[in-house]
Amino acid sequence: MTFKEQILQGIPHQLPPKKDYSKNANHAPKRKEILNLAEKKLAVRNALRYFPKAWHAELAPEFADELQAYGRIYMYRFKPDYQLYARPIHEYPAKSVQAAAIMLMIQNNLDPAVAQHPEELITYGGNGAVFQNWAQYLLTMQYLAIMTDTQTLHVYSGHPMGLFPSSEDAPRVVVTNGMMIPNYSKPDDWEKYNALGVTQYGQMTAGSYMYIGPQGIVHGTAITVMNAFRKVLRKDESPAGKLFLTAGLGGMSGAQPKAGTIAGCITICAEVNAAAATKRHAQGWVDVLIDDMDTLVERTKTALKNKEVVSLAFIGNVVDVWERFDQEDIFIHLGSDQTSLHNPWAGGYYPAGLSFEVANRMMSENPAEFKSHVQQSLKRHATAVNKHTSKGTYFFDYGNAFLLECSRAGADVMAENQIDFKYPSYVQDILGPMCFDYGFGPFRWVCTSGNPEDLQKTDVIALEVLKTIQTTAPEEIRQQLQDNIKWIEEAEQNKLVVGSQARILYADAEGRAKIAEAFNQAISTGNISRPVVLGRDHHDVSGTDSPFRETSNIYDGSKFTADMAIHNVIGDSFRGATWVSIHNGGGVGWGEVINGGFGMLLDGSEAASRKLKNMLFYDVNNGISRRSWARNEEAVFAIRREMERTPALKVTLPHLVEEVILDELF
């Protein structure tokens, strides 16, 4: 059968033979065994409903074995034989070009060059899934192939519920992931209900089909590191020869060494999984691999002495690095961590003192002991960080729940008031006031032709738009514009593309709309050969309510509410988004965040032009409005400026209270 025929078939007409378990793939760790006997039967019963009754006797023991061996039923037998990658859009069987674009994005998320655990349909973060199993993938692709522009596919945590009549202006796909009743949103609830096959952790851009490989986090990390150095260095100092120490080279975290190089410093990134570190080195994302601590110490001293710009991957535990560098009196200018601590008990964080292999066995065979090791390691980790910050190191939490889990472990990370953490989130100190409050966030696009020439053309267009905006921009946002102009100018030489022909930059509502409109015009004239998909990371101005990351610089008490994210996805859906998604979990953990995303197809039409103006305007200004109501000074400036440019926008602004009035009350 051809590729198109296989897509149109969906679930195979004949039961395919059982596949051997791939030993060469980077598999997800075994999940916690949490189901009782009745629940295990229910999990198998739930899985079998995708298939004809005549197959059940053969599939039931196989699915039971998968559940026992891996903690989940992935249905490996049904993984398609064709390669998974983002094909040019015209190669997909589809009645709707919008649906074809979504198929392209789904396959990009599952491309082995992009995905962390492709066999288990996990894109990044250890548990960020596109689907729960291969049957869901097959059915979703089939639905997308046959749908029209007057139908909408509704996807419940990976399960395609079905095609429903809608309208041309409605989203083609609506995705929800992990939307639990609040009392059932603890970490073990994810383990249980995911094992039952009824919910999943979509991370941020995994379950919304908008991941573009590590390029997105490279850009965000580069912006963060550049601005972090601006906080700690004199204006006449360069980051060259200054040290940035962090951990993680898996999915999102694998971007850190490349980002450090772009920022112009020495980056040391520790990773316990040798395969992950080797993969990043082979991809060119890290310069040097080191697996011996003495060698790391000497190489670091050389880099400091010579003021190098270089990235070093240490195959080992970052706790050991923090402790040894303290003993060697190696000064660390910036410190952070990007291990997946939103998922601490299932492979997100590996404790010091255990090998990678031993930790993986303990994780599944003795989870209580593993948890104890993780929490002891976090205490050591925090203690070592504290020693360095006492010498002047600037440490920031990179929104991965590092400080949150350290606090839960009893580590010394709390401020004197015992309410706040002693170290800021990077959003509190950097991205919040410098970017998000002004409306700048991770705008991205994918050229569906798969042609690098189209991506180069979009770079030229985006650069021209940003430079034009910069000529009349107020002083408050000139640095943001200049950082992103530099990013685009250097993007091609930095070889950022992994998987689809995609690009990202930070832009505000004005920049996003003007770039998108210029793309749409270029498509209509044929300068860009095929449609372009617009999207963003959920890690943005409006899309995510996350008290320990995206909204950590909200101080009016509302950072634990999720109205903004919900309004964002609903508002985008009727203003022209091609697909929308809303997730529980992502980045900082299940039950800790609600985040929403969108995708939009530009096809050169007048309809696309109308939709992009409406949707992109709301997608950004919804968040600026909420941030201004929280009394964030930069957001008040940004929304006042937007109301001057857009008379139809009317936003409730806060009246500020003199502190002396409140002091007299209590």
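This is a predicted model: local features need pLDDT of at least 70, side-chain atom pairs count only at pLDDT 80 or more; totals for chains, interfaces and linings use all residues.
Visitor: At what angle do the axes of helix 7 and helix 17 cross?
Guide: Roughly 130 degrees, with the axes of helix 7 (residues 215-232) and helix 17 coming within 12 Å. That makes helix 7 oblique to helix 17 (under 35 degrees is roughly parallel, over 145 roughly antiparallel, 65 to 115 roughly perpendicular, the rest oblique). Axes are fitted to C-alpha atoms over the stretch in contact, and angles run from 0 to 180 degrees between N-to-C directions. Helices are DSSP runs of H or I, at least four residues, and strands are E runs of at least two, numbered from the N terminus.

Visitor: And how do helix 16 and helix 17 pack?
Guide: Helix 16 (residues 452-470) meets helix 17 (residues 478-491) at about 160 degrees, their axes 10 Å apart. The two are therefore roughly antiparallel, and their crossing is left-handed.

Visitor: New topic: how many salt bridges are there?
Guide: The count comes to 41, taking a side-chain nitrogen of Lys or Arg within 4 Å of a carboxyl oxygen of Asp or Glu. One of them joins glutamate 39 and lysine 192, with the closest N and O atoms 3.1 Å apart. Glutamate 39 lies in helix 2 (residues 37-48) and lysine 192 in helix 6 (residues 187-195), so the pair ties together parts 153 residues apart in sequence.

Visitor: Is glutamate 39 buried or exposed?
Guide: Glutamate 39 is buried, at 16% relative accessibility, while lysine 192 is partly exposed at 24% (buried is under 20%, exposed over 50%, partly exposed in between, with a 1.4 Å probe and protein chains only).

Visitor: What about the phi of methionine 75?
Guide: The phi of methionine 75 is positive, near 60 degrees. Most residues other than glycine have a negative phi. Methionine 75 sits in the loop between helix 3 (56-70) and helix 4 (97-110), and is buried at 0%. Glutamine 418 also has a phi near 60 degrees, but counts as exposed, at 57%.

Methods: Residues are numbered from 1 along each chain as its sequence is written. Side-chain values use heavy atoms; hydrogens and water are left out. A crossing is left-handed if the near helix is turned anticlockwise from the far one by less than a right angle, and right-handed if clockwise.
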